[in-house]
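Please keep the structure in view while reading.

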Amino acid sequence: MSRRFFLTAAWLGALTWPVLGTAAALKLALVVSLIPAALGCWNALRRAAVVPCRGLWAALEAASGRIPPRFQIWGLAAFLCVAPLFLRHQTKYINLATDTLIMVLLALGLNIVLGMAGLFMLGYAAFYAIGAYAFAILSLKFQVPFWGGLVAGAAAAALVGFVVGLPSLRLRGDYLAIVTLGLGETIRYIIKNEEWLTGGTFGCPSRPVFISFGLEPYSRKIGSPRFFGWPAAVESIHYYFLALAMVALSVVAMQRLSNSRIGRAWVALREDETAAQAAGVPTVWAKLSAFTLSAVWAGMAGVLYAAKQKFLAPEIFDFNLSALVLSMVVLGGMGSIPGVVLGAVVLQMIPWFLRDFFPEFQNYRLLIYGGLMVLMMIWRPQGLWPNTRRKIELQEETDAVA
Amino acid sequence: MLDLSGVHSAYGPIEVLKDVTLAVREGEIVALIGANGAGKTTTLMAVSAIHKIKAGEILFNGRSIADAAPHEIVRLGISQVPEGRRIFPRMSVEENLEMGAYARNSDLEIRKDLEHVFQLFPILKERRRQLGGTLSGGEQQMLAIGRALMARPKLLLLDEPSLGLAPKIVSQIFSVIKNLNAEGVTILLVEQNAFAALKLAHRAYVLETGRVVLSGEAAGLLTNPQVRKSYLGIN
């Protein structure tokens with residue numbers, strides 16, 4: 001093994017010598033030839049660390065097991081509600097948290113088609129864009145207030161989801177993925193080119209007219225904006241709470257959806273389409289409803305984004321965003337609601353974490369994403385928090401019977 | 001009850017059913033036998049409307065069903081046990097059975113039928129919480145039949161229920177089929193195992209490269225020299 005690395009190092013050094021020069025080529029060769037030694041150290045370290053780590057993990061698990069899950073959830077909710085009030089002068093953190101919550105909404109929406117119904121969708125950003133632009137245009141040109149815009153944005157996305165879904169849902173697997181990829185690009189180009197409506201590459205501002213929601217915007221009389229009487233430097237704090245409420249409602253809705261009749265039909269569809277047909281599931285309708293419902297969530301997330309950001313640029317809604325949301329669902333665990341939330345939070349936090357703590361690695365963000373995904377697929381293909389509900393449920397029921 | 005006349009069906013340019021005419025009368029067990037690729041499974045898929053036909057007519061109780069959607073067929077009272085069982089592997093036994101009743105609404109009736117299926121196959125009751133994919137082949141076949149029965153069919157389409165099962169299980173499943181028929185379920189059975197199928201059925205059709213080449217009383221076909229030579233391997 002070490003001889004192979006040594007040979008590789010010599011070969012690499014010889015290869016790069018004309019380009020890099022003697023010193024750099026030697027350095028490179030040295031680094032490569034040291035890999036076996038480094039691996040040895042790493043292995044030894046891992047072996048030494050494994051026992052204490054396991055112990056720590058077990059202790060953590062035991063500790064969290066002692067607190068009933070209901071308190072854990074309420075504790076988390078209380079933390080998410082109270083913490084921002086103390087951070088209310090920190091625009092950065094509030095914005096980060098709000099963006100994360102919007103991404104959670106998006107990931108939850110994609111989870112309907114991808115996780116529950118097993119349909120591969122690659123152009124999800126299109127629906128997000130439609131929701132966002134629908135809201136921006138309506139608020140700018142017709143002074144539609146936020147709640148009306150929310151309904152309209154969701155409806156617009158749903159309509160496009162339905163219309164596009166109608167012909168394309170005859171396709172299975174990869175072909176559907178390609179069609180949705182095309183849809184994503186098409187929508188983006190329409191937004192870029194129809195300047196009279198969307199502002200094209202110049203972007204599109206939005207004017208959210210807010211029905212209070214506890215917020216008093218900046219005015220001469222009261223000075224800084226206030227949130228339920230609290231002075232807050234950030235006007236966007238109420239978007240944070242709005243997003244938080246929407247995520248909470250969505251999680252409940254998803255939970256109910258996955259246990260509902262249509263949720264069952266989606267699972268059957270994912271498991272075996274032909275068998276689902278033979279069992280009497282109206283498959284076209286089931287697929288179409290998954291597609292449309294998932295578009296509704298993207299539309300709502302888009303509206304929230306447009307209202308909070310107050311300015312839309314078409315570049316945001318590119319394939320990278322679709323891929324990012326897809327990675328969130330896959331990384332967290334397809335079909336698992338807490339998993340998808342976790343996946344979205346982790347992937348949204350990585351760039352911020354790098355920027356704030358390791359600025360020198362910031363440019364390697366995509367590389368780190370990629371590496372993370374590869375490692376996940378090798379060691380934990382089912383996701384960070386896989387869908388074990390069913391398994392646990394079955395286990396508990398057998399225990400109760402016995 | 002079920003009438004197929006002049007049914008043509010194709011996968012792309014390849015014609016599979018070239019002219020299938022057959023009839024199933026209420027209360028019968030009708031067997032459809034033939035070699036691999038003769039079009040047996042395609043015939044059932046055509047009746048279930050999962051694979052649409054190119055020409056011909058399919059009537060169920062005098063009503064044309066060739067243009068209906070698969071779930072409407074189930075609602076009309078035709079359910080299929082597909083080839084290779086095709087149960088939902090990551091759903092529990094009970095959930096699999098509930099999926100079979102997807103087209104129905106009355107919870108009370110569904111519960112009753114669930115108990116009935118458990119009566120027919122007691123092993124499924126024992127394993128009701130287990131995931132479908134963890135069952136043995138025979139149990140999966142029972143589950144597939146149970147799932148089809150949960151739609152409370154008037155006509156049950158069975159595709160190769162003996163496929164890959166031990167002889168003992170096969171005879172158990174065949175006796176359940178016989179009992180179901182005695183309870184009033186009409187059955188169209190597709191089988192490779194021609195001998196067992198002909199012994200069970202009232203009438204049978206022999207399919208060869210997309211055409212019905214022989215038909216008649218099952219007992220008569222059992223003694224037909226052509227059938228004995230080609231499908232039973234007896235001279």
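## Helices 10 and 13 of chain A

Helix 10 (residues 237-258) of chain A packs against helix 13 (residues 283-309) of chain A at an angle of about 170 degrees, and their axes are 11 Å apart. The angle is over 145 degrees, so helix 10 of chain A is roughly antiparallel to helix 13 of chain A. The model is a predicted one.

On the helix 10 side, the residues that meet helix 13 are A:Tyr239, A:Leu242, A:Ala243, A:Met246 and A:Ser250. On the helix 13 side they are A:Trp297, A:Met300, A:Leu304, A:Ala307 and A:Lys308. Sorted by class, this contact holds eight nonpolar, one polar and one charged residues. In an α-helix there are 3.6 residues a turn, so residues three or four places apart point the same way.

A:Leu304 also belongs to the largest nonpolar core, which has 169 residues. Together with A:Leu105, A:Ala107 and B:Leu189, A:Leu304 touches the most other members of that core. Apart from neighbours within four places in sequence, A:Leu304 is in contact with A:Ile102, A:Tyr239, A:Leu242, A:Ala243 and A:Met246.

## Helices 11 and 13 of chain A

Helix 13 of chain A has a further partner, helix 11 of chain A; these two pack at an angle of about 105 degrees, with axes 10 Å apart. The range from 65 to 115 degrees counts as roughly perpendicular, and helix 11 and helix 13 of chain A are therefore roughly perpendicular to each other.

From helix 11 of chain A, the contact uses A:Ile262, A:Ala265, A:Trp266 and A:Leu269. From helix 13 of chain A, it uses A:Thr283, A:Ala286, A:Lys287, A:Ser289 and A:Ala290. These residues divide into six nonpolar, two polar and one charged.

## Where the chains touch

How many residues of chain A are in contact with chain B? There are 17, and they are in contact with 22 residues of chain B. Helix 11 (261-271), helix 12 (273-278) and helix 17 (389-401) of chain A each supply at least two residues of this side. The largest share, five residues, comes from helix 11 of chain A. By class, the side of chain A that touches chain B has nine nonpolar, four polar and four charged residues.

## Chain A as a whole

Chain A contains 17 helices and five strands. Of its 402 residues, 39% are buried. Among the contacts in chain A between residues at least 6 apart in sequence, 74% join residues at least 24 apart.

## Helix 6 of chain B

Helix 6 (residues 137-149) of chain B has 13 residues, which at 1.5 Å a residue should span 18 Å; the end C-alpha atoms are 18 Å apart, in agreement.

Is this helix enclosed or open? Eleven of its 13 residues are buried, so helix 6 of chain B is largely enclosed by the rest of the structure. Among the buried residues are B:Met142, B:Leu143, B:Ile145 and B:Arg147. The buried residues pack against several elements of chain B, including strand 6 (78-81), helix 4 (107-120) and helix 7 (167-182).

## Two loop residues with positive phi

A:Gln143 is not a glycine, yet its phi is positive, near 50 degrees. A:Gln143 sits in the loop between helix 6 (125-142) and helix 7 (146-168) of chain A. A:Gln143 has 11 C-beta neighbours inside 10 Å and so counts as exposed.

In chain B, B:Asn61 has a positive phi of about 50 degrees and is not a glycine. B:Asn61 lies in the loop between strand 4 (55-60) and strand 5 (63-64) of chain B. With 13 other C-beta atoms within 10 Å, B:Asn61 is partly exposed.

Definitions and conventions:
Residues are numbered from 1 along each chain as its sequence is written. Chains are lettered from A and ligands numbered from 1 in the order in which they are written. This is a predicted model: local features need pLDDT of at least 70, side-chain atom pairs count only at pLDDT 80 or more; totals for chains, interfaces and linings use all residues. Helices (H or I, at least four residues) and strands (E, at least two) are DSSP runs, numbered from the N terminus. The expected span of a helix is 1.5 Å times one less than its number of residues. A residue is buried if 20 or more other C-beta atoms lie within 10 Å of its own, exposed if 12 or fewer, and partly exposed in between; C-beta atoms are placed from the backbone. Two residues are in contact if their C-beta atoms, placed from the backbone, lie within 7 Å. A nonpolar core is a set of buried Ala, Val, Leu, Ile, Met, Phe, Trp, Tyr and Cys residues joined through C-beta atoms within 7 Å. Ala, Val, Leu, Ile, Met, Phe, Trp, Tyr, Cys and Pro count as nonpolar, Asp, Glu, Lys and Arg as charged, and the others, Gly among them, as polar. Axes are lines fitted to C-alpha atoms, for helices over the stretch in contact, and angles run from 0 to 180 degrees between N-to-C directions. Angles under 35 degrees count as roughly parallel, over 145 as roughly antiparallel, 65 to 115 as roughly perpendicular and the rest as oblique.
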